[in-house]
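Could you walk me through this model, as if I were new to protein structures?

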Amino acid sequence: MKIPARYHPGLDVIRLAALLPVLCYHFCIEAARLGFAVPAFLIGRAMADWVEVGLAWFFLLSGAALCLQWQGRFRWRPYLVGRAAAMYPPFWLGFLVLFLYGDVLHGNNPDISRWRVVFSLLGLDGYLAPVTPTFYKIGEWFLGVILLLYLLFPLLLWCMETRRRRLLLGSLLLVWQLVWPFLCPAPLEAGHTVLGRLPAFALGVWFGTQLRENLTPLPRAFWGLAALPLLWVPAVPRLAVLLAVSAALFWVVYRLGQYIPRRFWAALRRPAGWSYGVYLVHHVLLTLVLLPAAQRTGWPLPVWFPVFLVLSFVLAALLTAMTAPFSRWLKRLG
């Protein structure tokens, strides 16, 4: 595998570390819903907070990676084509298989107008599902959020060009991170919206400017951990507190990842490249295949979690490989 000249192994460590709490929580919560005995701490508030840290890392990482790629050389056409090529082919293939099987062959969702499949083609079906009927299959809310945040990235990149813009943007987003949980209308969850994740994504873009200059703001970043006690203050939005904690831990994990020897970089980069596919396939694999199999066989639930991890990455690797030619073709358009 070809390694980029300015490869940051710490970013791939974060990418993989962000997956683990999400996969563990989904595995445990879905198992509990089916009647399996699951330790309370694996589906409780503390575990949900670790999931939030993983999600915050994902948005911080997305902003930072885009900044590393595009700062100083941004052009709209290659940027949009590149984002579409990276995100849509795996999603479309996964969605198409499930749509054909469930809705075309077996007649699921007969009451939903077929024109609403346009939401799926745009990758917004999971994001819009709480407020309107869609053919949501895979991708969940985060896919719609990140796709819409990609459209805001050029504005955020422009704000990074001067200190005055950065300070103004940071001040506005700090206030917004605190007030949005109180303003977010039902049935939406604040953290499942573009406006709820914009501060994390914008902070990630700023992190990218630091990485371009080979700066790691440690130990200053540890000040973010000072917000941790606020998790026990009900009046303070957890989303804001967990973003501060996640930002501090981002730099800790990044620094540790940078110490990985070069001979292991290829082994790290490959599974990290499958992480998006894992996000797409893991929930479907879990609910439609693995947990029903666990119910039939009667094997202990802990046996199934490593199987779940391995199969998620295997399916993600297959999905990535199958859609790679189409992705390359799309990129050439840019």
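Let's begin with E30, which counts as buried at 12% relative accessibility. Here buried means under 20% relative accessible area, exposed means over 50%, and partly exposed is in between (1.4 Å probe, protein chains only). The accessible areas themselves come from the Shrake-Rupley method with a 1.4 Å probe, and for residues, only the protein chains shown count as cover. The partner of E30 is R33, and the two form a salt bridge whose closest N and O atoms are 3.0 Å apart. R33 is exposed, with a relative accessible area of 62%. A salt bridge, by the way, is a side-chain nitrogen of Lys or Arg within 4 Å of a carboxyl oxygen of Asp or Glu. Why do such pairs form? Side chains of opposite charge can pair when their charged atoms come close. As for where they sit, R33 and E30 are three residues apart in helix α1, so about one helical turn separates them. Helices are DSSP runs (H or I, at least four residues), as are strands (E, at least two), and they are numbered from the N terminus.

A word on what you're looking at: this is a predicted model, where local features need pLDDT of at least 70, side-chain atom pairs count only at pLDDT 80 or more, and totals for chains, interfaces and linings use all residues. Residues are numbered from 1 along each chain as its sequence is written, and side-chain values use heavy atoms, with hydrogens and water left out.

Stay in helix α1 for another pair. R15 and D12 meet through their side chains in a salt bridge of 2.4 Å, N to O. They too are three residues apart in helix α1, which means about one helical turn lies between them. R15 is partly exposed at 24% relative accessibility, whereas D12 is buried at 5%.

How many salt bridges does the structure hold? The count is six. One of them links E52 and R197, with the closest N and O atoms 2.7 Å apart. E52 is in helix α2 and R197 is in helix α8 (residues 194-212), so this pair ties together parts that are 145 residues apart in sequence. Are these two buried or exposed? E52 is buried, with a relative accessible area of 12%, and R197 counts as buried too, at 2%.

Helix α1 (residues 9-33) also holds H26, and H26 is buried at 13% relative accessibility. Its side chain is joined to that of H282 by a polar contact of 2.7 Å. A polar contact is a pair of N or O atoms within 3.5 Å; within protein, one must be able to donate a hydrogen and the other to accept it, and residues adjacent in sequence count only if both atoms are side-chain atoms.

Now for the surface. Patches are made of residues with over 30% relative accessible area and no salt bridge, joining like charges within 9 Å and nonpolar side chains (Val, Leu, Ile, Met, Phe, Trp, Tyr) within 5 Å. Lys and Arg count as positive and Asp and Glu as negative, while His and the chain ends are not counted. The place of a charge is taken as NZ of Lys, CZ of Arg, CG of Asp or CD of Glu. With that in hand, look for R6, R73, R75 and R212, which gather in a surface patch of positive charge. R73 sits in the loop between α2 (45-70) and α3 (76-105), and is partly exposed at 49%.

There's a nonpolar surface patch as well, made of V307, V310, L311, V314, L315, L318 and M322, with about 580 Å² of accessible area together. L311 belongs to helix α12 (residues 301-333), and at 33% relative accessibility it is partly exposed.

Then check the phi angles. N109 isn't a glycine, yet its phi is positive, about 55°. N109 lies in the loop between α3 and α4 (117-121) and is partly exposed at 31%. E140, also not a glycine, has a positive phi near 55°. E140 is in helix α6 (residues 140-159), and is buried at 13%.
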